[in-house]
Amino acid sequence: NLPAAVIARLFEPEGQLTEQEYSPTAALLPNQYLVLRNGKKSALATYARREADNRFVFRWVQKMSVYGISPRNAEQSFAIHALLNPGARLVTISGKAGTGKTLLALAAALETRSQFRQILLTRPIMPLSNKDIGYLPGDVQSKIKPYMQPLYDNLHVIRGQYPEKSEMFQRVQKLLDEEKLAIEPLAYIRGRSLVKMYLIVDEAQNLTPHEVKTIITRAGEGTKIVFTGDINQIDHPYLGISSNGLSTLIDKMQGQEIYAHIDLRKGERSQLADLASNIL
């Protein structure tokens, strides 16, 4: 427990604590998030470098809404902070189904749309029941649609908050029409130039470490990359909890100042979804 006066310092105009004012017992990593408590009072904070003197300080993390989506717990507040942080060019968000990983990433991308040339949502296509995509009827787009539908579902949640004739609803539709917001299979971005792009890679636990490296090394100036996934729900037959690309990325990137990681633990989709995720 911290003294109330120390926590109160976070809420002052500069909103930060020095390591002299608060010295945690454990070593911290850049962009690590903390909940500071004093009895019933608490404050959300992040550990980051201060440009003025190049020293690390604890900064207050405000609870912010992004494109109409509000955080429902501390971890979601941390995720939104990382997703909006221009200094965190690479972000990973892990968590079970229903914790809001992809929804928060998409909402944050829409909130910061003016900073990027394009928002691109993508995910790897994993064959169902060992049957390749070619087994599905129809043309290429018809075959792909079932795999991309979860991404469209998240978009519908965000857009569905607003009346169809409202500016916010129309803005999303315009981005789709102009292809400034695109949803594509991961295979489609091969060879593309990822410059000034907000790239969200969903279901990243189904990628190999090499595939993750290939994606990140294609990042040009002004690009932010967000990987989301659940390391306990791997569909790839040759990947495990520790050998998949998302786990490897989280392990290797720890301590880098342009990287942030958040683990979302509380399901917010529904009581039923949370129960199923925990016990089945």
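Colleague: Why does Arg171 count as partly exposed?
Modeller: Buried means under 20% relative accessible area, exposed over 50%, and partly exposed in between (1.4 Å probe, protein chains only). Arg171 has 38% relative accessibility, so it counts as partly exposed. This is a predicted model, in which local features need pLDDT of at least 70 and side-chain atom pairs count only at pLDDT 80 or more, while totals for chains, interfaces and linings use all residues. Residues are numbered from 1 along each chain as its sequence is written, and side-chain values use heavy atoms, with hydrogens and water left out.

Colleague: What makes Glu167 count as exposed?
Modeller: Glu167 has 58% relative accessibility, so it counts as exposed.

Colleague: How do you know that the side chains of Arg171 and Glu167 meet in a salt bridge?
Modeller: A salt bridge is a side-chain nitrogen of Lys or Arg within 4 Å of a carboxyl oxygen of Asp or Glu. For Arg171 and Glu167 the N to O distance is 2.8 Å, so the pair qualifies. Both residues lie in helix α5 (residues 167-177), four residues apart, about one turn of the helix. Helices (H or I, at least four residues) and strands (E, at least two) are DSSP runs, numbered from the N terminus.

Colleague: How many salt bridges does a search of the whole structure find?
Modeller: The search finds 12. One of them joins the side chains of Arg123 and Asp202, at 3.1 Å from N to O. Arg123 lies in strand β6 (residues 118-123) and Asp202 in the loop between β8 and α6, so this pair ties together parts that are 79 residues apart in sequence.

Colleague: What makes Arg123 count as buried?
Modeller: Arg123 has 10% relative accessibility, so it counts as buried. Asp202 is buried as well. Arg123 also meets Glu203 in a salt bridge, again with 3.1 Å from N to O. Glu203 lies in the loop between β8 and α6 and Arg123 in strand β6, so here the parts tied together are 80 residues apart in sequence. Glu203 is partly exposed, at 24%.

Colleague: What phi does Glu203 have?
Modeller: Most residues other than glycine have a negative phi. Glu203 has a positive phi near 55 degrees and is not a glycine. Asn54, another residue other than glycine, has a positive phi of about 65 degrees. Asn54 is in the loop between β3 (41-50) and β4 (55-60).

Colleague: Arg159 is buried; how do you know that it has no salt bridge?
Modeller: The nearest side chain of opposite charge, Asp177, is 7.3 Å away from Arg159 (Lys and Arg count as positive, Asp and Glu as negative; His and the chain ends are not counted). The cut-off is 4 Å, so Arg159 and Asp177 form no salt bridge. Arg159 lies in helix α4 (residues 140-159). Leaving aside residues up to four places away in sequence, Arg159 touches Phe169, Val172, Gln173 and Leu176 (contact means heavy atoms within 4.5 Å).

Colleague: What lines the largest cavity?
Modeller: On a 1 Å grid over the protein atoms alone, a cavity is a set of points where a 1.4 Å probe fits but cannot get out, and lining residues have an atom within 4 Å of a point. The largest cavity is lined by residues including Leu83, Asn85, Phe116 and Lys224.

Conventions. On a 1 Å grid over the protein atoms alone, a cavity is a set of points where a 1.4 Å probe fits but cannot get out, and a pocket is an open set with protein on both sides within 12 Å along at least five of seven lines; lining residues have an atom within 4 Å of a point.
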